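Hello,

Here is the structure I promised to pass on to you. Please have a look at it first, and then read my notes below.

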Amino acid sequence: MALTRLNSNKKIAERISSAIVAGNVLHAYIIEADSCVDKLAFALEFCKALMCTEKIGDGCDGCINCRKIDHGNYEDLYVVEADGMSVKDDQISKLQEDLKKKPMGSRNLAIIKDADTTTVRAQNRLLKTLEEPFPGTVIILLSENRENLLDTIKSRCVIYRLEDVEAGSFNQESAEAVFSALEEGKNFHEIKGILSTYLKSREDAFALLDGLERIYEGFLLGTDSRRKLHRKEEIIRCIELIEEARRDLIAKVNYQYAVKNLVLKIGG
Ligand SMILES: [Zn+2]
């Protein structure tokens, strides 16, 4: 699988891909998702996209670098995972030593699994590396809940939240259903009925927001002919409201509340 051919989280994958192609890769990322999402697989695709010799920004699965990353024997990639309940200080210390080594290729890479279990002491140690990274180094922190990470760490990372779109019952079709109900000016009670059929989990809520955002973005990009129904300012306002709801979800606001609040704001 290559980064841009992933079936879910396409938007994030595309963003990362174009950053790599443009040479705008930053040195630290937080990849956050619920436990059911394979964050490591995503991070490995990220690494392949960085190091692939055939399809930079994507990964080809066939070149020596892609194959080594897939097989877990790429020399410049260091993977750390929790030792017992947490990632400990000596593990971060060891990682720092590893990252000081001159890479065999163009850069050193690190993936810290269970980064949100890292002890505070170890996080403070890691911070030094994030503050003064060795040139070219990319560190990817995998996390279920970034609230466990120090603000000083978060502020030095680009944060992406992956969604488990497959697991949810919400799909683009149900997002369309909610969208149409809003368009037709259906009352809140009716829309709540649609939501109660599909909205069963936080993942569903994230998927719904993604679906709605896709629809509104289609208007902005002119790929959706229904665009003429809307003024640009209205569309932008809706996208902002969706992003606000997504921030609420990430902050662990009750997902039903966050979605109903959004529907009321868009509808009103
Ligand atoms: Zn490759």
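Two strands pair if DSSP finds at least two bridges between them, and strands (E, at least two residues) and helices (H or I, at least four) are DSSP runs numbered from the N terminus. With that in hand, Ile 31 stands opposite Tyr 160 in β5. Strand β1 (residues 28-32) pairs with β5 in the parallel sense, over four bridges.

This is a predicted model, in which local features need pLDDT of at least 70 and side-chain atom pairs count only at pLDDT 80 or more, while totals for chains, interfaces and linings use all residues. Residues are numbered from 1 along each chain as its sequence is written.

The open sheet has five strands in the order β2-β3-β4-β1-β5, with parallel pairing. Its edges are β2 (77-80) and β5 (158-161), each with a single partner strand, so one side of each has no neighbour in the sheet.

Now to the helices. α10 (residues 232-250) and α11 (residues 255-267) pack at about 165°, their axes 9 Å apart (axes are lines fitted to C-alpha atoms, for helices over the stretch in contact, and angles run from 0 to 180 degrees between N-to-C directions). The two are therefore roughly antiparallel, a term for angles over 145 degrees. Among the residues of α10 that meet α11 are Leu 241 and Ile 242, and those on the α11 side include Val 259 and Leu 262; contact requires C-beta atoms, placed from the backbone, within 7 Å.

Finally, the domain assignment, automatic or from a database, gives domain 1 (3-161) and domain 2 (172-267). Their C-alpha centres lie 32 Å apart.

Best wishes

How values were computed
Parallel < 35°, antiparallel > 145°, perpendicular 65-115°, else oblique. Contact = placed C-beta atoms within 7 Å.
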